[in-house]
Amino acid sequence: MTADLVHLGVRNEPFESSCLSDTLIIGGGIIGLSLAWELAGRGLSVRVLDSQACGSAASWAGVGILPPVATREVNDPLEQLRSLSHSLLAQWATELTELTGIDTGYRTCGGVYVATTLGEAAMLAASRSWWEELGIDAVAWSAEQLRLNEPALASLAESGRLKAIWSLPGECQLRTPWYVRALAAACKLRGVDIVEDCPANQLVMRDDRITGVETTSGCFKADKYCLTAGPWTSALLESIGVASGILPVRGQVMLFHPHQRLLTRIINEGHRYLVSRDDGRILVGSNEEEVGFQCETTDEILEELRAWAIGLLPELAQANLERAWAGLRPGSFDSYPYIGGLPTCRNAFVAAGHFRAGIHLSAGTARVLADLITTGRSTIDLSPFRAARG
């Protein structure tokens, strides 16, 4: 989706259209496409609208880190959602590849979490307690173990800078552009109508129901409507009287191509990471900036990321920088996504505000929201994610 939605309007009179479907999804990122895939699998007719190419915003920009999840029963709805989604992503990645022939890049590669400051070490100490409570396999490493398992990090291991090192063998990854491409292709195979380059200009209301969406490609009507437009969902919600704390948070990423493969695991330090692909390419990210809907890279941030990455992995200094990009994550004021029905519209739903976990939570979000849409119930308590909480 694009900032066109900032100028979204609402019209309060009916209009005629032959474009009918059971469910109309506004926003064709990984959340919207996942929901379309799930609903179409239940026999519903589904249409997805996006103001640009599907999956070309934050979904394309994401690097696809999938941290390990709880192996024990948990009561927290967010952790329940994360566990459900993690399991589904593994299943979907295989199924999507079998259906479309497109490799999603899903791999269990393991992750290493390092701390070079006392503050980061304290955060990892707190994470250790959390991992233990959730039953996540986490092993403390010595500097020598880091050097033996990731030889390219030998200089870091020998530097004396490391305050803590943890190995999480269950960490996974997927190549987000590949996964989204496979998901879109699979949706079409299930009969989903994907309409790209089609900004939503107006939501049409009658009483407490949305009756249609006016777009640059005509008018579209459905029985039910789902708002999954990432950070632009805020404008959609506000246009129908629902306040939200969804806001865009920019992140920047760099892609290096070394002459040989340097890493096998994902390396995490705080909110920054090195992600190694099977072909040897290494993704370096990321940062968090509240700069509105500006989605450009900046020399300052890229240089900071490059310096940090070389500080961990000196061989990147000689690697070719293939490209850099920015994406707008849909943040929320309390770090919880918005998932569920809308209080002002009996036939409308929302799924947005997943921030840095949108890819990881996508399949689970689709499953519980599809349950709600088709049965009126959900296996996970969605009250913490309710749309009108602020």
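Which residue of E18 does Gly-251 stand opposite? The second close-up has the answer. What you're looking at is a predicted model, where local features need pLDDT of at least 70 and side-chain atom pairs count only at pLDDT 80 or more, while totals for chains, interfaces and linings use all residues. Residues are numbered from 1 along each chain as its sequence is written, and side-chain values use heavy atoms, with hydrogens and water left out.

**View 1. The eight-stranded open sheet.** Its strands run in the order E7-E8-E6-E15-E16-E17-E14-E18, with mixed pairing. Helices (H or I, at least four residues) and strands (E, at least two) are DSSP runs, numbered from the N terminus, and two strands count as paired if DSSP finds at least two bridges between them. At the edges sit E7 (139–140) and E18 (320–331); each has a single partner strand, so one side of each is left without a neighbour in the sheet.

**View 2. E14 against E18, with helix H9 on the sheet.** E14 (residues 247–257) pairs with E18 in the antiparallel sense over 11 bridges. Here's the answer to the opening question: Gly-251 stands opposite Gly-327 in E18. Helix H9 (residues 299–312) packs on the sheet and touches E14, E15 (266–269), E16 (272–276), E17 (282–285) and E18; contact here means heavy atoms within 4.5 Å. The direction of H9 makes about 50° with that of E14. Axes are lines fitted to C-alpha atoms, for helices over the stretch in contact, and angles run from 0 to 180 degrees between N-to-C directions.

**View 3. Helix H1 packed on helix H7.** H1 (residues 30–41) and H7 (residues 176–189) pack at about 35°, with their axes 9 Å apart. From H1, Ile-30, Leu-33, Ser-34, Ala-36 and Trp-37 meet Tyr-179, Val-180, Leu-183, Ala-184, Ala-186 and Cys-187 of H7. Sorted by class, that contact has 10 nonpolar, one polar and no charged residues. For the classes, Ala, Val, Leu, Ile, Met, Phe, Trp, Tyr, Cys and Pro are nonpolar, Asp, Glu, Lys and Arg are charged, and the others, Gly among them, are polar.

**View 4. A cis peptide bond and a positive phi.** Gly-285 and Ser-286 are joined by a cis peptide bond, with omega about -15°. Ser-286 is in the loop between E17 and H9. Elsewhere, look for Asp-207: its phi is positive, about 55°, although it isn't a glycine. You'll find Asp-207 in the loop between E11 (200–206) and E12 (209–215).

**View 5. The three-stranded open sheet.** The order is E4-E9-E5, and the pairing is antiparallel. E4 (65–66) and E5 (107–108) are the edge strands, each pairing on one side only. E5 and E9 (residues 172–173) pair over two bridges, and Arg-107 stands opposite Gln-173 in E9.
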